[in-house]
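Please read these notes with the model open beside you. They take up a helix, a sheet and an interface in turn.

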Amino acid sequence: MKIVKVQAEVDQSRCDGCKTCERVCPVYAVSVKRVDKKPVVNIDLDICVGCWNCEQRCPEYAIQMVSCTPFTLSVNVNDFDYGEIEALCRKAHVHPKQLVCYCTATRAEEVAAAVIGGADSPDKVVRACGVGAGCGIECNQPILRFLEAAGCSFERKKNSYQWYGRTVTAWEVSQEVKDAHPAFRFDDDKDLLERIVNAPIQDRNK
Amino acid sequence: MDLKPFAPAPTRVSQYGVDPSTISKRAAELEGITGLGLSQLIGGQPETIYPSDEGIKAVRDATIKTLEGVDFSKITNGSTVNILASHHGFTFMGGEPYSEMLRTIKDVVERETGAKEIRLRAGLGMRFRETEEYIKAFGLDEYFNGKAVGMAPIDAGVAIETKLGTLYGLKRAYDADFIIHAHNSDVREVHFHRQVDRAVKPFGMSYARCETRSTYHMNLGPRAANFVARSIFESEFVQEKFAFACFLVMSPAGAIDVDADNNLYALNDRVTAGGMKHYGKIIELMGAIKDCIVVLDFPCPVPYVFACGVIYANMVSANIDVFDLDSPLPPYTWYTETFYDHTGRPLLPEIPEINPAIKTVVHNYAWIGYPAVFFAEHTPTIMVGAEQAELFNRDPMNLNYMKHALLSDNLDSAIAFARKTSGTDKIMIFDGASGGLNVSQSLAEDLLRIAPSVCSRVDQVLLPKWLSQRNVDPDLLKMVA
C-alpha cells in the first residue's frame, strides 16, 4: 500500500526530447512526442505513482515532484479468498505476511491479491498496490516471481528500461555451483528461506 | 576524562539532505561530549596516508606507486576505458581522497597506454543523482573531459550470462573495451556482504541493474547472495573487459594505502584480511556497549552515518558477531527486515533482535534516499527539526518514517528527553569525526574499561575463526598494513 503524496510535473521548455523519463517510468505514465519538431512530454497523472524515477534521471532537470491531493494505491486482501492468496505466496516462495517492499511496507499477501485481482503485468501490479513505487529496485524480483507463479507472462515494452526479467532464486542454483562454492552456503540459506516461507501465520486479521 | 571533541564531518549541500543552515547545532557541541581517540582504545593502528601531513599528495603518490605493479598491456592507445567508481568512496573524509585516486588512475593509464578515451562511470545506490553531485563537487567532469557520468540501477541494462543464469549489468558501465574497478576496502555493509567477496561486490551492485540488486537482496539468502557479484565478474562478458582493480585501503582512522592488482581475487584476499583486522575490534567494541543513546549526525542516509569508520548499521547488528558466517542473519539486513510479520513479530524465533543496547536514536542530521523505516520501527527515534521531518515525509522510500518517530525542534531538547526516557546518559555520536569517537564521558569510561578484553578476544579467538571461515591465509595479516 502506498499513499501517493507527490506527482511529476514537467517544465516543457527545458526538455530536449531524450525520452529518459519515458524509459525509466515503471508504470508507463510518461510519453514523449514531437510536435512541430519540439518535444512534448505528457505525464498521465491518473497513472503516475510518484516514484521520482523521471525526476531523478532527467538530464535536463526538467521534471519536478509537486504535492498532489494524496491518494492510496492498495488492494484489500479481505476481498479475496485467503487460501488462494496463501497458495500463490508459497508458490512464489514468500511468506504471505513478509514484507516485499521496504519503502511502502507492502506485504506479500497484498501483491498476491493484486495479481489474483487481475494485475497481470508488473506495471499493473505497481499501480494496484504501490509495491515498487518507492526505490523501484529491491522489490523488482518478488513482483516478477508473483507474476510467474500466477502463470502471467508479459512482454517488456520496447525501449523501456524496466522489467528486464526474472532471475535465479535459491531454489534454482545448480548443484554444480553449490559444489564448487561451498563457502557461499547456498543450501543453508535456502533452508532458512524455506522455513520463512512455511512459517505459520499468526493473528492473520490483526 | 574531558577531552575536546573531534571536529565532526562537515554538512553537505545535497538534494537528499536538509539545507545545512537549518542544522543549528552539531552533536559534538553538546555539553559533556568528549573525543576518544582510536589509538587510546585500540592499539596497533596503522598509520594513515590521509589524513596526514602530506595532504592529498599522499593519495596520489600511493596510487602511482601501486599502479607500478599493474600490467596495462591489454589497453592500447586506441582503447576505450571505463573507470568504474561507486558513491560510497566519496563519503570518506569529505570525498577528496577517493576523487584523487580516480584522477590519478586516469593520469597513469593515459601515460602508460596512450589511451585517450578514458571515462568515469560512477555507480550509486538509491539516490540516483548522488554521484552527479560528487562529480560536480570534485570537478571530475572537467578532469575527465566531459566524460564523467553517474549510473543508476534503472538506467539501460545489458544482459550478462553467468553461472547463475542471466543477470543484468548497467550498459554504460560496460560500454568500453576495458574496465577498471576503482573501489575501496571499507567494511561498511558487512551486514550484507559478510566480508565475503567484499572486493567483488560492486559487480552485483553499483555496476548492476535493479534486477540484479533485487536478486542479491531478495532471491538467494543472506550469505549465498554474495555469489551474485562473483558470477557476474567471472562471466565471459566481464572477463574480456576487466583490466585491473585499484582500491583505496581504509581503516577506522582513515585511508592507509592504495592497492591495485590485475588479479581481483588476490586483492580480495588482502581486502578481506585487512578489513577484519582493522575493523573487527571497533565493531566488537560497539557490540560490547550495554546501553546508549545514538545520535545520527552525518551527510548520509540513516544506516550509513559514520563513527570511527563504522556505520550505524554495523552498530545496529553489533549484538551478534557479523563476521561469523555460522550466524545466518545479522539483526539488520534486507532479508531480516522482511522477516517480521504485520504485527511486528519475527516469523521465526531465531530472527535476531536489533541491538538492544541502542535505547534511543536522536536523528539530528541524516539524509533521505534509503528505506530507513525499519530503524525507526525498532528503536525509539527522535527527529530534530520540522524541515527534516518534512523531507522524510516526501521521500518515497521513507513515507512511514515519521509515523514511528517523535519530533523535537532542537537537539538539546531531544537529548534531554532521550536521557530522561531511556534511563541512560551514555551517548554515541555518528558524525564522521576523523581519528576517534565523540561520546559522552560516561560512555568513554566504559569503552576504555572494556577495550583491552575485547581487543584480546578479537586477536586470539575471533580473527583466526573469521579467516578460517573464508579460507584466507592468516599470513596475509602480516602483509596488510
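1. Contact, in what follows, means heavy atoms within 4.5 Å. The model is a predicted one.

2. Start with helix α5 of chain A, residues 122–129. Its buried residues are A:Pro122, A:Asp123, A:Val125, A:Val126 and A:Cys129. These residues lie on the same side of α5(A), because the arc they cover around the axis is only 160°. As background, an α-helix has 3.6 residues a turn, so residues three or four places apart point the same way.

3. What covers this buried side? Among the elements over the buried residues of α5(A) are the strands β1 (2–10), β4 (63–73) and β6 (106–107) of chain A. The helices α4 (108–116) and α6 (140–149) of chain A are also included. Just after α5(A) comes A:Gly130, with a positive phi of about 85°.

4. Turn now to chain B, where 7 strands form an open sheet with mixed pairing. The order is β1-β17-β16-β10-β13-β14-β15. The edges are β1 (33–37) and β15 (405–408) of chain B; each has a single partner strand, so one side of each has no neighbour in the sheet. From one strand to the next, the twist averages 25°.

5. Two pairings in this sheet can be compared by direction. Strand β10 (residues 292–301) of chain B runs parallel to β16 (residues 427–430) of chain B, and 4 bridges join them. Within this pair, B:Ile293 stands opposite B:Ile427. By contrast, β1(B) and β17(B) are antiparallel, with 5 bridges. Here B:Gly35 has B:Asn438 in β17(B) as its bridge partner.

6. Last, the interface. Chain A brings 63 residues to the contact and chain B brings 68. About 5800 Å² is buried between the two chains, and carbon and sulfur atoms give 57% of that area. On the chain A side, A:Arg57, A:Tyr102 and A:Phe184 lose the most area to chain B, together 14% of what that side buries.

7. There are 6 salt bridges across the interface of chain A and chain B. For a charged pair to look up, take A:Asp189 and B:Arg223, whose side chains meet in a salt bridge at 2.8 Å, N to O.

Key
Residues are numbered from 1 along each chain as its sequence is written. Chains are lettered from A and ligands numbered from 1 in the order in which they are written. This is a predicted model: local features need pLDDT of at least 70, side-chain atom pairs count only at pLDDT 80 or more; totals for chains, interfaces and linings use all residues. Side-chain values use heavy atoms; hydrogens and water are left out. Buried means under 20% relative accessible area, exposed over 50%, partly exposed in between (1.4 Å probe, protein chains only). The arc is that of the directions from the helix axis to the C-beta atoms. Two strands pair if DSSP finds at least two bridges between them. Axes are lines fitted to C-alpha atoms, for helices over the stretch in contact, and angles run from 0 to 180 degrees between N-to-C directions. Buried area is the accessible area (1.4 Å probe) that two parts lose on being put together, summed over both. A salt bridge is a side-chain nitrogen of Lys or Arg within 4 Å of a carboxyl oxygen of Asp or Glu.
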